[in-house]
Each structure stands twice: as structure tokens, then as C-alpha cells.
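Here is a short report on one protein model. Look at the strands first, then at a single residue.

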Amino acid sequence: MLLTRTLSTAKDLLVRNQEYSEIPDVAAYADIEHQWDRGYRKTLEAAIADGDCTPRHTEIVDYPKNSITFRPLARFSARDRLIYDALIFSAAARIDKQIRKPVYSYRWDHKSARPKFWYQPWKRMQANARLTLKSDNWLRMATLDVSSFYEHIDVDILADDLACLAKSSDQSTNLSRFLDSFQRINHAWGLPQGSDASGILANLYLAPVDEYLTKSGFKYLRYSDDIMIFHRDWTELRDVLSEINRILRARRLSMSAQKTGILEPKEAFERIHDIRKASLSAACDIGMPGAHIEVRLYFDEIAKDESSDTRSLRFVINRLAKLEDDYAVSWCLDNLPFLAHVAKEVFSYLAIFTDRVGEIQKKLVDFMRSGASKSYPYLEQRILRYFLTMNLSDHRMKESAWLILEDRNREDFPREFASRYLGRAASVAEAQLLRHKFEEEPSITMRRALLMALYESRNLSSRYLIDVENYLPQLKWVCKYLRDEPPQIPVS
């Protein structure tokens, strides 16, 4: 019963959160949703019961953190992602009971039996930090961050932690086996990034730090590896950081030198409470007259400042989107190569302005045709997704999509969206060529996307789907979905 519930929770969150995904699925997992109660869930239950929990297909994607640095995202198959999330959710309630109250990240809602969405806990932590600093004007604040936190989590140490909590050895063994296999078969280590479920395990890994701070009587707040510690005395804070560093080192972690420090009271409050952002956000929320002028001024400052942080850029783009102000549209289009790390926000913003579709379409096609897009697969995916969601047809974009599809050195995720785009606009001859591409394609994830493209091209018979299902059992769920003739395959 618990396994059935946690698998369903994992599926619901995977499908629902495609809007927030860094690399959304080519069909928003519509085939999984369609087949969930028709055998898909039971297949996963049987795999977990048999201990068949190791990942079968993982793509490690270097996803941009800013314009020049990256973090490794683990892109699992749907099967692997659902098994991984469900295994963690099965242990999440027990893990959460070990986590101290000052920890706000990745908490488990014990009533709804699902993880809490990040936004409200983050806001509450920030509000709590402001109240703490206001309560004593002499309080200093130590800030602490762990270098490449998820990547440096030692899965063997984590396995020992999980074994102490598990009700049965099978639960901890399955999860430990998954993580061990993940490290052995990929150019990655530590916890997989890209799944919020990993954050639950990350909380457990830092529990010794919480325990030390609590027993030492320090006021602190933590969101994942971002820790704030409050005290009047500079030396006391320095000694605390030194002891935490030793605890982290014992867990194969190290503090980030750039993000660790001790702030004086005024500086601490300014770090927590950006008055300008807070006032702009409130003005947008209540529709205050003139809010768009102030937001535009702030945007101009961010756009001119080469050192501006990603969070500020996301903030101002989201505020302009909330106001439905197209002030930054041209700037976004002219600066696409430098905005891959905020592609999600940029394309959500562009999609609002249907009256400027012609201009946006031309600029995006020019970017794709320039050859510059090859270095930015995340932008290629978002551009093709934009054309699909806006139902745009362009012969030059079709030519670019063919080039992307035919280049097997590219990552799969832009090639998948290229397939969908080509399927929607395919001639009879092009549909026949797509079928040829499907038959010679070695990647199962690409074959799934190509099947959907063939369906949308109207060149996919029931007979052929039955043949594919018989000879490629990994594709049976998408075959069953397409055989039911969905009126429209969604784009996430």
C-alpha cells in the first residue's frame, strides 16, 4: 500500500512539475499518465519488489548555472526517475522526523504524504531571518555554503545513515543500490541532481551539522546547504564555522570559501532583505500605478551590470512577465547566448506576447540558422518547444530541426523536440524519412519521440505500432498510448 501510494505521488509530481523542470519531457509524460492504471504502476511495483531498482538509462547533462559555469543534471528515463523518487518518498516521513525545525528545505508534509513545494518554505525562512536580526541590533550573521554539495555527498556514508532509519533492510538496500549504480555507470558522483527527492536525502546527510548547532545553543536557519548562524560575538561565530568545517570534512564535504563569511549586523540585514526587490514585488502584486516604470529601471541596471547575479535576473524577468510588460523582449532575443541559465524564465516571458510573435519567430529562426545554437542545447530545446506551443510553422526552422535530428553527437533532449516539430509539419515523403530515422535510431528515448512524431505526421498505423511493441518492449507503453489515438499529444 505504501509503495503504491509513493509511486503515485512520484508520478503526480513528475507530470505536474514539468512547468518548473529545467529539461521538460517532450510530451509531458502523457504516455505514462495514460498507461498508469493500465499496468505501468504494477510493472514498477514488481521491479521494486524484485530488487530490480538500478537505473537503466541516464543522461548526464551539463546544465548552466550562469553564463559560463555548469552543474551536472541527471536525466533519467521515466521508469528510473519514478523508482528513485518512490524509494525516497517511502523513507521520507522517517527522514523528516530526524530533521530539526530550523531546516526549511525539502520538508515532508506528513498530512498529505508528499514533499512541500519550495517557495513558501523559502519565504518563511527569509522572514524568520529578518525577524531574528530585528530582534537584536547587535547580532552578526555567519553564512555558510558547501562546495558542489550534491556532487560530494558520499553515498556509502549516506547508505549507513539510511540503514539506521529503515524499517526493513530491503528499503535501504534498494536505494543504496540505485545510488551506487548511478555512480558506477555515469560520469557523475554523489546524489543525482534534477530530482527534488534528492534534497530529502541531502537533508539527512547534513543532520550532524543541525545536531551540533542545536546542542551548542546557536540560533540558525538552513535551506539545503545554505546555512545562516546568528550570534553577537565574532569569535564565537568563527569557532562555530571551524567546528562545522570539521564535521563536513568527516562527511567528505568542504565549505565554499567564496560563500562563507561573517557579516556585521547592517550588512547581514541587507543580505537577507533586499528592500528594493521587496518593494518592487509588492508593487507588482497589488498593481500599484507606476510599478512598471520602476521595474524597467531595475531591469536596465541588471542588463548593464555584467556581474549581476542569476537570482536578480530571474526576479526582474518574472516581474516584467507579471506586469505583462514587453520591455525586455528585444533584449532577451538579442542576448540569447548569454541567457541559457535563465531560458525557462525567458521563454515563459516571451510566450506572453502574442502580438510580437512575428518578431520573436524571426529572431529565434535567425539564431538557430546562424549555427550558434549548437553550443546551447537548452536554448535549442526551448526554441523548438516555443514553436510547438505557439503552433508556428517556418520552413527555415524545419531545416534547422532536420540538422538537429540528424546530428547524433547532440544531446537527446533538443533532438526529441526537433522530432516533434518535424512530425507536425511533415509531408508524406518527410514522414517516410522520419520512419527511416526511427528504425536506425539506437536511443530508446529518441525512438519514443520519433514514434510521437510519426503519429502526428499521420504515418503510423496500428499494425506498425503492434510490431514495434512486440520487438521493442521498452516502447510498449508509448505504443499502447498512441494506439488509443489521443486527439493531441501535449507539449509540456
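Leu221 stands opposite Met228 in strand 7. This is a predicted model, in which local features need pLDDT of at least 70, side-chain atom pairs count only at pLDDT 80 or more, and totals for chains, interfaces and linings use all residues. Residues are numbered from 1 along each chain as its sequence is written, and side-chain values use heavy atoms, without hydrogens and water.

Helices (H or I, at least four residues) and strands (E, at least two) are DSSP runs, numbered from the N terminus. Two strands pair if DSSP finds at least two bridges between them.

An open sheet is formed by 4 strands in the order 6-7-5-8, with antiparallel pairing. Strand 6 (219-223) and strand 8 are the edge strands, and each pairs on one side only. The pairs are listed here.

| Pair | Bridges | Sense |
|---|---|---|
| Strand 6 and strand 7 | 5 bridges | antiparallel |
| Strand 5 and strand 7 (residues 226-231) | 5 bridges | antiparallel |
| Strand 5 and strand 8 (residues 261-263) | 3 bridges | antiparallel |

Met141 has Phe230 as its bridge partner in strand 7. In strand 8, Met141 stands opposite Leu263. Strand 5 (residues 140-144) is mostly covered, with 4 of its 5 residues buried. Buried means under 20% relative accessible area, exposed over 50%, partly exposed in between (1.4 Å probe, protein chains only).

Now for the loop. Arg356 lies between helix 16 (343-350) and helix 17 (357-369). Why does Arg356 count as buried? Because its relative accessibility is 16%. Leaving aside neighbours within four places in sequence, Arg356 is in contact with Asp326, Val329 and Ser330. Contact means heavy atoms within 4.5 Å.
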